[in-house]
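The following note sets out a colleague's reading of the structure, point by point.

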Amino acid sequence: MKSQEITKRWVDFFVSKGHTAVPSASLVSSDPSLLFTVAGMVPFIPYLTAREEPPYSRATSVQKCIRTGDIEEVGKTARHGTFFQMCGNFSFGDYFKEDAIKFAWELLTTSVDDGGYGLAPERLWVTVYEEDDEAEELWLKNTGVPAERIQRMGKSDNYWSTGQPGPAGPCSEIYYDRGPAYGVEGGPLADETRYIEIWNLVFMQYQIENVRSKVDFDIVGELPKKNIDTGLGMERLAMILQGVENMYETDQVRPVIDKAAELSGKEYTSAETPEDPHHTDDVRMRVVADHIRSALMLISDGVTPSNEGRGYVLRRLIRRAVRSMRLLGVEQACLPELLPASRDAMKGVYPVVETDFARISRIAYAEEKAFLRTIASGTARLEDAVKESKAANKPLSGEDAFTLHDTYGFPIDLTLEMAEEAGLKVDEAAFRSLMQEQRQRAQADAKGKKGGHADVSVFQELLGQGETVFTGYTELEGESRV
Ligand code: ATP
Ligand code: MG
Ligand code: MG
Ligand code: MG
């Protein structure tokens with residue numbers, strides 16, 4: 001089943017259950033303190049927190065999301081994209097746990113011929129919050145899940161709270177068993193490679209006060225209006241329904257892998273484990289495909305490359321993609337080949353990526369060119385430094401690596417790799433301590449100014465689920481990569 005059909009069935013199903021279909025909001029969150037939309041619930045925060053009266057009591061959406069916090073997982077796990085689409089259904093003081101569970105089960109297990117996704121019931125596992133007996137009973141009573149396939153999880157996994165006084169409540173998640181070829185038996189608690197989390201049901205049920213931490217607070221009562229917030233990863237469902245190994249091989253992403261393979265002359269083999277000799281190259285191709293798509297969607301939503309905030313995330317995604325292509329052996333500009341492949345895979349659902357492609361591609365190609373120029377000019381500087389260090393019989397100094405980074409925008413992993421090619425080590429420890437000093441200076445500077453960072457952390461908490469919202473500083477911690 002194609003992605004477009006998956007999302008169509010989602011919306012049709014929930015509309016048939018009385019939900020209002022709400023179009024995806026922009027990736028650029030309307031709240032300036034939150035860099036990106038990281039979940040389907042973000043546009044509904046005012047309703048879920050009862051700050052505004054919702055115009056409907058039930059809604060459904062397929063929301064574009066960016067999670068920069070997952071960037072290091074991309075290509076290595078089967079299930080983490082920096083961009084993905086979260087299908088959601090929401091109840092604002094309307095139905096609660098019982099219907100949320102019934103809807104999820106019905107949609108997942110109804111046959112494809114009858115409009116559902118046709119997942120085999122015996123492949124589905126469920127987690128509930130450890131004290132939520134009610135949820136477990138509702139699963140047992142209303143669905144075909146036997147008690148052996150229901151697992152209890154603690155607060156850190158299965159409880160949603162904002163970290164602030166206000167609404168909170170337990171979650172229940174649905175996992176799909178990919179079978180013994182993928183890992184050990186025993187459910188999601190035993191193996192998250194074999195058991196793929198597909199859907200999170202959040203039951204906003206309690207009012208909490210005296211919040212000491214995200215998992216330590218006092219429940220002071222039931223909410224007068226209880227809410228449902230759910231999120232299903234469209235790409236994860238697509239990966240199951242399309243019978244592929246991971247979300248990067250689904251119909252909206254795979255064409256870019258194929259293009260990267262063609263350009264580099266490397267074979268893509270679906271390698272899953274680091275022991276597989278193809279793994280490194282396969283991960284690079286998956287990273288390329290993921291990041292190119294994220295860049296396409298971000299530029300489409302109005303983000304442009306820059307050195308801070310959202311623009312820096314975009315810059316980093318493009319540079320990581322270019323860098324990965326370079327590691328695959330392609331040194332010339334490749335976005336003019338990769339970006340159209342991503343456009344063609346996405347335009348069925350997002351026609352704007354085609355109608356606005358002239359603008360989108362201009363921005364993306366210019367960024368790639370600028371990065372290639374950076375690489376070229378840094379390379380000359382690096383070669384000088386290599387020559388001097390060799391003559392002195394010393395490793396490349398931390399100062400040299402830092403200057404390359406700071407003045408030439410030359411990423412440290414590139415320095416490491418090129419120095420190694422020249423048979424030279426780099427004083428990485430000295431480089432890192434120079435970076436650390438610079439970071440402290442920047443943070444001290446920022447403290448003097450008034451910034452939105454405190455607000456960002458509030459929203460980070462508000463979103464719960466431990467999701468990291470990008471801030472310039474946290475992103476800079478990952479300096480070892482482009
Ligand atoms: P995981 O534990 O696998 O990282 P999560 O618990 O962080 O997922 P939730 O915050 O519960 O994810 O989001 C709801 C759903 O969105 C998940 O069940 C999953 O299907 C999907 N999802 C979350 N993060 C990603 C991602 N980076 N890429 C693709 N789908 C995702
Ligand atoms: Mg999870
Ligand atoms: Mg989850
Ligand atoms: Mg996660």
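1. Two strands are taken to pair if DSSP finds at least two bridges between them. The model discussed here is predicted. With that criterion, strand β3 (residues 83-92) pairs with strand β9 (residues 216-233) in the antiparallel sense, over 5 bridges. Phe90 is the residue that stands opposite Asp229 in β9.

2. Strand β9 has a further partner in strand β8 (residues 195-213); β8 and β9 pair in the antiparallel sense over 11 bridges. Here Met204 stands opposite Asn227 in β9. How many residues lie between β8 and β9 in the hairpin they form? The hairpin of β8 and β9 has 2 residues between the strands.

3. On the division of the chain, the domain assignment gives domain 1 as 3-241 and domain 2 as 269-477. A distance of 31 Å separates the C-alpha centres of domain 1 and domain 2.

4. Helix α1 (residues 3-16) packs against helix α6 (residues 234-241) at an angle of about 120°, and their axes are 10 Å apart. The crossing in which α1 passes α6 is right-handed. From α1, the contact draws on Ser3, Ile6 and Thr7, and from α6 on Met234, Leu237, Ala238 and Leu241. Classified by residue type, this contact of α1 with α6 has 5 nonpolar and 2 polar residues, with no charged residues.

5. Helix α7 (residues 254-264) and helix α8 (residues 279-300) have axes that come within 8 Å and cross at roughly 125°. Angles over 145 degrees would count as roughly antiparallel and those from 65 to 115 as roughly perpendicular; α7 and α8 are therefore oblique to each other. The crossing of α7 past α8 is right-handed. On the α7 side the contact involves Val256, Ile257, Ala260 and Ala261, which meet Met285, Arg286, Val288, Ala289, Ile292 and Arg293 in α8. The contact of α7 with α8 comprises 8 nonpolar and 2 charged residues, and no polar ones.

6. Are helix α12 (residues 357-391) and helix α13 (residues 398-408), which pack at an angle of about 160°, roughly parallel or roughly antiparallel? Since angles over 145 degrees count as roughly antiparallel, α12 and α13 are therefore roughly antiparallel to each other. Their axes are 10 Å apart, and the crossing of α12 and α13 is right-handed.

7. The residues behind this last packing can also be listed. In α12, Thr374, Ser377, Gly378, Arg381, Leu382 and Ala385 meet Asp400, Leu404 and Tyr408 in α13. By class, the contact of α12 with α13 divides into 4 nonpolar, 3 polar and 2 charged residues.

How values were computed. Residues are numbered from 1 along each chain as its sequence is written. Chains are lettered from A and ligands numbered from 1 in the order in which they are written. This is a predicted model: local features need pLDDT of at least 70, side-chain atom pairs count only at pLDDT 80 or more; totals for chains, interfaces and linings use all residues. Domain bounds come from an automatic or database domain assignment. Axes are lines fitted to C-alpha atoms, for helices over the stretch in contact, and angles run from 0 to 180 degrees between N-to-C directions. Helices (H or I, at least four residues) and strands (E, at least two) are DSSP runs, numbered from the N terminus. Angles under 35 degrees count as roughly parallel, over 145 as roughly antiparallel, 65 to 115 as roughly perpendicular and the rest as oblique. A crossing is left-handed if the near helix is turned anticlockwise from the far one by less than a right angle, and right-handed if clockwise. Two residues are in contact if their C-beta atoms, placed from the backbone, lie within 7 Å. Ala, Val, Leu, Ile, Met, Phe, Trp, Tyr, Cys and Pro count as nonpolar, Asp, Glu, Lys and Arg as charged, and the others, Gly among them, as polar.
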